[in-house]
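Please examine the sequence and the structure shown here.

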Amino acid sequence: MAEFVAAIDQGTTSTRFMIFNHSGESVGSAQLEHEQILPQAGWVEHDPVEIWERTRTVIEQGLARAGIAGNQLAAMGITNQRETTVVWNPKTGRPYYNAIVWQDTRTDRIASKLEREGKGDVIRDKAGLPPATYFSGGKVQWILENVDGVREAAERGEAFFGTIDTWVLWNLSGGINGGVHMTDITNASRTMLMNLETLDWDDELLSFFNIPRAMLPEIKASSEVYAQTPVNGPVGAAVPIAGMLGDQQGATVGQVCFDPGEAKNTYGTGNFMLLNTGTDIVKSNHGLLTTGGYKMGTDPAIYCLEGAIAVTGSAVQWLRDQLGIISGAAESETLAKQVEDTGGMYFVPAFSGLFAPYWRSDARGAIVGMSRFNTNAHLARATLESVCYQTKDVAVSMEKDSGVELEVLKVDGGMTANDTLMQMQSDILGVPVSRPQVAETTALGSAYAAGLAVGFWSTFQEMRDNWLEDKRWHPQWSDDQRETGYAGWKKAIERTLDWVDVS
């Protein structure tokens, strides 16, 4: 009997395979990092072949470590870094170019040209997104224009485009031997190419980027059976692949934010706050994104307002990898706790420009307010505070757009293990912060979507019953501290602007 549901969580820095029981508890996992390829300033790439090899390996390792056979899985789900773009040959299975990662800024001139030509408002209206380097459409255009032979291959039907969910699904379902070319509404809604109302690719939007429709995957629900894993594949059994959600929508489902007005914030490589707006497509007037939330089978699509922040966890990685002042992410907390405050220092990690709510691709990172008094401990603390202040920016916009005041913030993701960071977040927001017992809700959400499709779970209430709080933090700052600190942050933001010419 199939007692478990599994999820592949293909993230920006690593790939994880997790197995869950009916109570939503993790009973087995494996995880491997992959290389971050940085060819020049502002460019970020991944090797899609390495990602698929890592995916195969973690599936095999996860099952072996848990002592679970593939035929004990009722279904599998996929969740993924969104917007990251792969173009490959479906006959050979080989990518034409490295995956261009969501953080990559090489398409800044494509985005600014769309705005200058008056196409930005059409994209906002139809796709719910501003023209920005973040999204996939410009990345596909760049590959078509800059990689020899891809345009011609696309016109011959020999070039498939997909975000990472599509790439993983195609390989997992057989690749060149019958792999399916599909995505779900949540990932499609991150391309600037999907119409939020029709939930289909939009010919006018495709024309803006000169992308042949034949390259694009079929758009499906987030919860339905797409294919089965081949018996000779890494799972070793025919298991339905039945759930697909972009990582932040996966976390929204994993945090059981099923009612309009419920919100969650995920702390990963970047930070992403999503607010469920139900079946209403709410357009933002304050720098947020309108995005697909999830679509379960034949039920109507659910939409979200989203605040996307490019650099949070990756700022801590920068302290480790580029500056060498910490040896691991956990050490950032130890170092930050050596001082009571930042000593007047602010760090705005606008390495990829600023995302929500500013959308300024001309911005670059800045450390301001320094004196000789400041130490690496102050920098570590300012790095953690930058995560919280960027979240504050998004929360302020979300309240303006929705009219709903935040009462408690549900949090998840790897960085929530940092108790000092979570206390800072509560202090800076001025509301309680709640962490669930299962912090890696991204994978859990895609497992829920897959399980719903095959009847492993039958109702949303079953999933709500699985949600349990692990810890809650309450604000300790005075209103005065909060206002003064935020005013300093807004001044620091101003110092990052107009740094790069993107005209």
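## Overall build

The model is predicted. Its protein chain holds 16 helices and 23 strands. The C-alpha atoms occupy a box of roughly 60 × 50 × 45 Å along the principal axes. A compact globule of 503 residues would have a radius of gyration near 23 Å, and the protein chain agrees with this, since its value is 22 Å.

Contacts across the sequence are summarised by one share: of those between residues at least 6 apart in sequence, 71% join residues at least 24 apart.

## Surface and charge

Of the 503 residues in the protein chain, 63% are buried. The chain exposes about 18400 Å², and carbon and sulfur atoms supply 46% of that area.

The protein chain carries 40 positive and 63 negative charges.

In soluble globular proteins, nonpolar side chains tend to be buried together. In this model, the largest nonpolar core has 100 residues, and Tyr134, Ile211 and Met215 touch the most other members. Helix H12 (residues 376-402) provides the largest share of this core, with 11 residues. Another core, of 34 residues, lies apart from it; among its members are Ile19, Trp88, Ala99 and Met244.

Which residues surround Ile211, leaving aside its neighbours within four places in sequence? Ile211 is in contact with Gly137, Val140, Gln141, Leu144, Leu193, Leu206 and Leu216.

## Helix H9

Helix H9 spans residues 247-254 and is mostly covered, with 8 of its 8 residues buried. The buried residues are Asp247, Gln248, Gln249, Gly250, Ala251, Thr252, Val253 and Gly254. Just after H9, Val256 adopts a positive phi of about 50°.

Phe347 belongs to strand S19, which covers residues 346-348. Is Phe347 buried or exposed? Phe347 counts as buried because its relative accessible area is 2%, and the cut-off for burial is under 20%.

Beyond the neighbours within four places in sequence, Phe347 is in contact with Ala315, Trp318, Ala366, Ile367, Leu379, Ala382, Thr383, Ser386 and Trp489. Gly365 is 18 residues away from Phe347 in sequence, and their C-alpha atoms are 7.5 Å apart in space.

Conventions: Residues are numbered from 1 along each chain as its sequence is written. This is a predicted model: local features need pLDDT of at least 70, side-chain atom pairs count only at pLDDT 80 or more; totals for chains, interfaces and linings use all residues. Side-chain values use heavy atoms; hydrogens and water are left out. Helices (H or I, at least four residues) and strands (E, at least two) are DSSP runs, numbered from the N terminus. The radius of gyration is taken over C-alpha atoms; the globule rule is 2.2 Å times the number of residues to the power 0.38. Buried means under 20% relative accessible area, exposed over 50%, partly exposed in between (1.4 Å probe, protein chains only). Contact means heavy atoms within 4.5 Å. Accessible areas come from the Shrake-Rupley method with a 1.4 Å probe; for residues, only the protein chains shown count as cover. Lys and Arg count as positive and Asp and Glu as negative; His and the chain ends are not counted. The place of a charge is taken as NZ of Lys, CZ of Arg, CG of Asp or CD of Glu. A nonpolar core is a set of buried Ala, Val, Leu, Ile, Met, Phe, Trp, Tyr and Cys residues joined through side-chain atoms within 4.5 Å.
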